[in-house]
Amino acid sequence: MRPLIAGNWKMHGDMSWVDKPGAFAELLPAAEREHLDVLICPPSLFIAPMAASCHEGNILLGAQNCHDAESGAHTGEVSAEMVKSAGADYVIVGHSERRAGGETNADVAAKAIAAAKQGVTPIICVGESLDIRKADEAEAVVSAQIKASVPEGLTDYVLAYEPIWAIGTGMTATAEDIKAMHAMIRDIVGPNVRILYGGSVKPANAKEILGTDNVNGALIGGASLEMESLAAIARAA
Ligand code: PGA
């Protein structure tokens with residue numbers, strides 16, 4: 001399956017960052033990454049001004065969130081249609097940092113449906129807390145999250161497994177844990193859905209993680225902010 005290397009810039013950067021895709025394409029020209037997809041999910045404001053350079057550099061563009069409604073009185077929110085018309089083809093939904101703010105599995109499923117309606121591919125995020133991992137309930141919790149967050153009948157989506165305790169902490173799950181979790185996820189999502197691993201993926205651990213069975217790419221936070229490290233991770237894929 002074609003790997004997907006996805007950067008999530010979260011709430012970092014300023015308008016000068018819209019030049020980063022150009023820098024990435026110089027570091028790792030499209031001809032050297034024909035076997036994989038590279039995606040950047042910047043803050044929503046940067047999507048439109050990044051669209052041309054991403055297109056030129058053969059880099060996909062995504063948003064970090066969208067609302068489930070088509071439009072309406074939702075101050076501060078961004079619709080899937082806006083995401084699409086700004087030039088993005090992907091959207092992250094259900095990131096743990098948003099679930100921590102109260103986003104439920106049902107909200108995540110509704111956002112995924114809204115995205116799919118606009119032809120925007122949702123990247124649906126799931127993952128367990130450290131308490132759940134320690135209680136040996138990680139697989140049960142992640143399986144329940146997937147069943148409730150992936151809308152029935154949806155086929156074009158990406159599933160991102162991100163153990164919450166590994167996000168931004170420098171801790172990563174062991175290759176064995178990733179292998180076991182991704183095998184379980186594969187059973188649920190079927191053979192055609194790309195399954196990403198996320199949580200402190202760095203150039204130093206990318207090769208091992210990306211070489212694990214049923215890992216079809218990575219969702220990268222901190223290490224996606226510098227194009228050198230994002231390129232190094234893409235080279236490992
Ligand atoms: P991290 O973030 O790579 O900084 O751990 C991953 C994510 O939250 O998507």
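Author: The ligand is surrounded by 13 residues, and the closest include K10, H95, E162, G168 and S200 (to be near, a residue needs a heavy atom within 4 Å of the molecule). This is a predicted model, where local features need pLDDT of at least 70 and side-chain atom pairs count only at pLDDT 80 or more, while totals for chains, interfaces and linings use all residues. Residues are numbered from 1 along each chain as its sequence is written, and side-chain values use heavy atoms, with hydrogens and water left out.

Now for the shell's make-up: four residues are nonpolar, seven polar and two charged (Ala, Val, Leu, Ile, Met, Phe, Trp, Tyr, Cys and Pro count as nonpolar, Asp, Glu, Lys and Arg as charged, and the others, Gly among them, as polar).

Zoom in on the ligand's oxygen atoms. H95 has a polar side-chain atom 2.6 Å from one oxygen atom of the ligand, and E162 places a polar side-chain atom 2.7 Å from a ligand oxygen atom. With G168, a polar backbone atom is 2.6 Å from an oxygen atom of the ligand. On its own, the ligand has 280 Å² of accessible area, and the protein covers 96% of that (Shrake-Rupley method, 1.4 Å probe).

Stepping back, the protein has ten helices and eight strands (DSSP runs: H or I of at least four residues for helices, E of at least two for strands, numbered from the N terminus).

How values were computed:
A polar contact is a pair of N or O atoms within 3.5 Å; within protein, one must be able to donate a hydrogen and the other to accept it, and residues adjacent in sequence count only if both atoms are side-chain atoms.
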